[in-house]
Structures are given as structure tokens and as C-alpha cells.
Amino acid sequence: MKGSVNGDGGLPAGVEVYSLTADGTALLTSRTGRGDLLDPAELLPFIDSGQHARYLIGDALTSPERPSNATYKLGLMRGHSAFTPHAHGGEHFVLSLGYAACGLYDDERQEAVTVRLTPGVMLRIPALLPHSFINRGDGRLLILAANTGFGIDHEDYAITAEEAERRATAEPPHHSELDYPALAKALRAVGEAPSPGGMTLRERAARAARRLAVCLEGSA
């Protein structure tokens, strides 16, 4: 599919894909290559001796006096639904717990690309990068989302094409150095990108196997 991303070279600048597996490995993929998210040089102590963590938002010195200023949400999406293309005022992390896709605007190529997501894959989306999240499955989809700097009621939490166009022509002008006409154009491109389609046969088989695993493991 044109604009579909499977490897690392096609990702927009700043976008990172995290693959978190059940066997404890974690890989980070970006347009510059692929690496170990759990690189010992990047890990910090985590509660007990011998335990470690990789900070994604904030750092070891985060406190009420030095807050990380982020929101964390467990999102629920309807089957075969999609969010209106938007751009957040701050960087955004989203972890897919099902079969999804994310449309992203690549400013260098001036086109939208699509990243297909499976359970346990997480994306880092830079601030103000136009994107949309899609549930490729027929059932509900859970996603874990973290946004830096903005709660959902803030005017810059999720800027849509319509809002960008309104700000571009607002009188008096909206107080920002952002190029709203360009942002609106990019958001429209994400919305007009080809559909990523539904789940593949292999993904349906994998989903059935995961459901069986849940039954075998029993309730937590």
C-alpha cells in the first residue's frame, strides 16, 4: 500500500515505534535505525536494587516542585472506528493493546504514511505532528495514551483541520507562530489517506490464540 510503513526508513522524523513483547524484550525503531529500548546506558534504578526503568516522560528528579506535566489515559475505541485527524500541542505516547493503525504526516515527503500496529506496540508522536488513530478490528480497542503538557479541555490538546483553518483566519489573529494553513493542509492529507484495511488472516489467528491464552491463564 502506498504510504504504508513496515520498516524503519519510512517513518516521519521524530516518530518512534516501540515493540514490547511478552518475553521481556523492547525494541525502538525510528527513521535512523533500530535499537534496544533497554540499553543499560539509558536505564535508571527502579525501586529495588537490580531493577531498572527507562523513563519516557519525566526523569528521576520529577516531583511536585519539578513536575513532568503529563496526562495518562486508558482509551476505548469502537470497532472499525477512527479519530478525527488532529495534532497535539505536546509530544504524545500511545500504546496499542489490539490491532490498530496510525496515520502520520511526513513533512519532508509532504504526504501521509500509515503505521500498522499490533498488541504491545507503542508510538512516540512529536508535538504538532498531524496524526489519526484507527481501530482495524471489529471489537473494542484499548489504548494507553500519555500526553505532555495538555489536558483534553485545553485548546491545544487536539487541533483539527477545521480548528487550524479557523485560527488561520481569526480576527484578531490567534497568538501563535504556528503556520496554521500548513497545519490544516497536513491534517487534511492524513484524513484523505487510503484506509489501512482490516485485520489480516494471520492477525485473526493470533487474536484467537491470545484469547485462548487468556482463558488458560485465568483471571488476574
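What percentage of the 220 residues of the protein count as buried?

1. Burial. The answer is 38%. This is a predicted model, so the values below are computed from predicted coordinates.

2. Overall fold. The protein has three helices and 15 strands. Among contacts with a separation of 6 or more, 69% join residues 24 or more positions apart.

3. Dimensions. The C-alpha trace spans about 60 × 50 × 35 Å along its principal axes. The radius of gyration is 19 Å; a compact globule of 220 residues would have one near 17 Å, and the two agree.

4. Nonpolar patch. L74, L76, L97, L142 and L144 make a nonpolar surface patch of about 470 Å². Two strands, β7 (70-77) and β14 (141-148), each supply at least two of its residues.

5. L76. This patch member sits in strand β7. L76 counts as exposed because its relative accessibility is 54%, and the cut-off for exposed is over 50%.

6. H86. This residue lies in strand β8, residues 86-87. H86 is buried because its relative accessible area is 11%, where buried means under 20%.

7. Surroundings of H86. The H86 side chain reaches the backbone oxygen of T84 at 2.7 Å. Leaving aside residues up to four places away in sequence, H86 touches L129, P130, H131, A158, I159, T160 and L187.

Methods. Residues numbered from 1 in each chain as written. Predicted model: local features only at pLDDT ≥ 70, side-chain atom pairs only at ≥ 80, totals over all residues. Heavy atoms only, no water. Patch = residues over 30% accessible without salt bridge, like charges linked within 9 Å, V, L, I, M, F, W, Y side chains within 5 Å. Areas by Shrake-Rupley, 256 points an atom, 1.4 Å probe, with all protein chains shown as cover. Salt bridge = Lys/Arg side-chain N within 4 Å of Asp/Glu carboxyl O. Helix = DSSP H or I, 4+ residues; strand = E, 2+ residues; numbered from the N terminus. Buried < 20%, exposed > 50% of the residue type's maximum accessible area, 1.4 Å probe, protein only. Polar contact = N/O pair within 3.5 Å; in protein donor to acceptor, adjacent residues only side chain to side chain. Contact = heavy atoms within 4.5 Å. Rg over C-alpha atoms; globule rule 2.2 N^0.38 Å.
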